[in-house]
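Reader: I am new to this structure and would be grateful for a close look at a single part of it. Please then relate that part to what surrounds it.

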Amino acid sequence: MKPLSIRNKIWLTIISVSVLTIILVVVVSYYLYQTLYIEKQTETLLKQGQVLEQSYYENNPENFSKELDWLDESSDTSVIFTDDPMLLASGAPFDSFAEENLITFSERQDLLKGKTLTFTKYHTGLDQEISAVVIPLSVEDRLEAVIFLYIPLTAIAEAFEPIRNFLIVGVFLVVILLIVVGTKMTNRIVQPIKQMERVAKDIAQGDFSKRLSIKGKDEIASLGRSINTMSSNLDEVDRNRREFLGNVSHELRTPISYLKGYREALEEGIIPIEKFAETVRKETDRMERLVHDLLDLAQLEGDSYPMNKEPVILAELVKEVLDRFRLKLNDKNLIAEVQLDEGVVVNGDYGRLDQVIDNLLSNAIKFSANNRTIRISVVEVKTMGILKIEDEGVGIPEEDVPYIFERFYRVEKARTRKSGGTGLGLSIVQQIINKHEGKIHIDSKRGKGTVVTVEIPLFHFN
Ligand SMILES: Nc1ncnc2c1ncn2[C@@H]1O[C@H](COP(=O)(O)OP(=O)(O)O)[C@@H](O)[C@H]1O
Ligand SMILES: [Mg+2]
């Protein structure tokens, strides 16, 4: 069997609840109306009976029979007055109830005790449903006669006419209302879900451009908003992925085409072998660096290679890295001014922090002109060890600063290519610092220089 759609499920619920409610309302109102109506009729019968009873004891038979006739004719009430013992049933308990008897044996017993009877039942003698009141008329403890007042229930059924019409109209109106409200409600629920289904299918097929139009603030709207957020996040991830792939293939293709070009030039004898060898070395080095950085970044972005944290004396590390750069500093005749607090011990991965300082220092050197100063300081502020590397280099244009940590982002592609950068250095640095719960901030003025500030949490000695 085909599973029910949400729309049909909602309708099924609405219909079954409404049918049950309508049945309940109709039954209850009929029941109540009937009870109340019969109660009222019985009361009337009783009153009418009491008037007749009084009149009977006044011993004015003419007057009494006039009143009997008048009551019989002027209202729905039928009156039987009888002193016929046959009609009033035999005195024997086991005689069967004769057709023509007005009252049963047990009723007669009650009447003998002077009790007034009220009942609603099918009366065999009268051959109809009736609601009746029987008043005993006795003289000196002898049941002389009875006044039997009754209303046929068919008359009561007629009394239902107005409420039946009322109920029919009411039910009709309720059904119309249910159809209108039900349609609105199901549309409200089903349409957004259908829309979500379509968008989710698009997402599954790799199209992240679709968005849901959202109205309201209920759970469905909030689900819709989540889907929109998910979709735009996926969109961004997808765009980043494409951009990244594009960049990677570009970066790898460039050295390959250089090599090809030089090879052809060598084959045609345009360049000497030494020049070719130099290019091969430069370009393969570049490719190696690129592949190395890419793998490194991929590792840092995953969770499989956690930081191996230990107490690290930041000043020692800075000195170690500086030693490695001695030659390069001397080449450009740069002065390294250091101000290191030897007491700053951070909680870090030694190798990774070395990588951070190495990258930042190489940038500072790379982007500084000859004869400039590079200032490096290590201090402690509250719970953080703070490393500052300040250069007097070319600086970064204000509009580029926000993008500087993006993969492959370089301010001047051509110039930086000559200087051998991949544009991955700062991305790697940022990843490492994030994994240390630290912070990095770059402050730069074009033509004036750059200040890079790194904060790493201090190591807690217990
Ligand atoms: N100290 C600096 N002074 C000037 N520009 C800088 C400095 N550090 C980084 N940059 C700019 O940021 C870009 C990205 O840096 P980075 O990620 O280290 O890549 P790369 O060094 O491989 O070019 C650099 O190409 C350069 O344009
Ligand atoms: Mg760099």
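Author: Tyr56, Tyr57, Phe64 and Phe81 are linked into a cluster by ring pairs. Rings of Phe, Tyr and Trp (its six-membered ring) pair if their centres lie within 6.5 Å; planes under 30 degrees apart are called stacked, those over 60 edge-to-face, and the rest tilted. The model is predicted, so local features need pLDDT of at least 70 and side-chain atom pairs count only at pLDDT 80 or more, while totals for chains, interfaces and linings use all residues. Residues are numbered from 1 along each chain as its sequence is written, chains are lettered from A and ligands numbered from 1 in the order in which they are written, and side-chain values use heavy atoms, leaving out hydrogens and water.

The structure holds 10 aromatic pairs. One of them joins Phe119 and Phe148: the ring centres are 6.3 Å apart and the planes stand at 65°, so this pair is edge-to-face. Because Phe119 belongs to strand S2 and Phe148 to strand S4, the pair ties together parts that are 29 residues apart in sequence. Here helices (H or I, at least four residues) and strands (E, at least two) are DSSP runs numbered from the N terminus. Phe119 is buried at a relative accessible area of 14%, and Phe148 is buried at 0%. Buried means under 20% relative accessible area, exposed over 50%, and partly exposed in between, with a 1.4 Å probe and protein chains only. Another edge-to-face pair is formed by Phe459 and Phe461, with centres 4.9 Å apart and planes at 70°. Of these two residues, Phe459 is partly exposed at 25%, whereas Phe461 is exposed at 59%.

Strands of a sheet pair through backbone hydrogen bonds, either parallel or antiparallel. In this account two strands pair if DSSP finds at least two bridges between them. Four strands form an open sheet in the order S1-S4-S3-S2, with antiparallel pairing. Strands S1 (78-82) and S2 (117-123) stand at its edges with a single partner strand each, so one side of each is left without a neighbour in the sheet. From one strand to the next the twist averages 25°; axes are lines fitted to C-alpha atoms, for helices over the stretch in contact, and angles run from 0 to 180 degrees between N-to-C directions. S1 and strand S4 (residues 142-152) run antiparallel and are joined by five bridges. Thr82 has Val146 in S4 as its bridge partner. Helix H2 (residues 61-74) packs on this sheet, touching S1 and S4, and its direction makes about 150° with that of S1. Helix H3 (residues 105-112) also packs there, touching S2, strand S3 (128-139) and S4, at about 165° to the direction of S2. Contact means heavy atoms within 4.5 Å.

A further open sheet has five strands in the order S6-S8-S9-S11-S10, with mixed pairing. Strand S6 (335-340) and S10 are at the edges, each with a single partner strand, so one side of each has no neighbour in the sheet. The twist in this sheet averages 10° from one strand to the next. Six bridges pair S6 with strand S8 (residues 373-381) in the parallel sense, and Ala336 stands opposite Ile374 in S8. Helix H10 packs on the sheet, touching S8, strand S9 (384-391), S10 and S11, and its direction makes about 20° with that of S9.

Helix H12 lies across S10 and S11, running at about 145° to S10. Eight of the 11 residues of H12 (residues 425-435) are buried, so this helix is largely enclosed by the rest of the structure. The buried residues include Leu426, Ile428 and Ile432. Among the elements that cover them are helix H7 (273-301), helix H10 (350-366), strand S10 (439-445) and strand S11 (449-457).

Helix H7 contributes Asp296, which counts as buried at 9% relative accessibility. Leaving aside neighbours within four places in sequence, Asp296 is in contact with Arg352, Gln355 and Ile428. The side chains of Asp296 and Gln355 are joined by a polar contact of 2.4 Å. A polar contact is a pair of N or O atoms within 3.5 Å; within protein, one must be able to donate a hydrogen and the other to accept it, and residues adjacent in sequence count only if both atoms are side-chain atoms.
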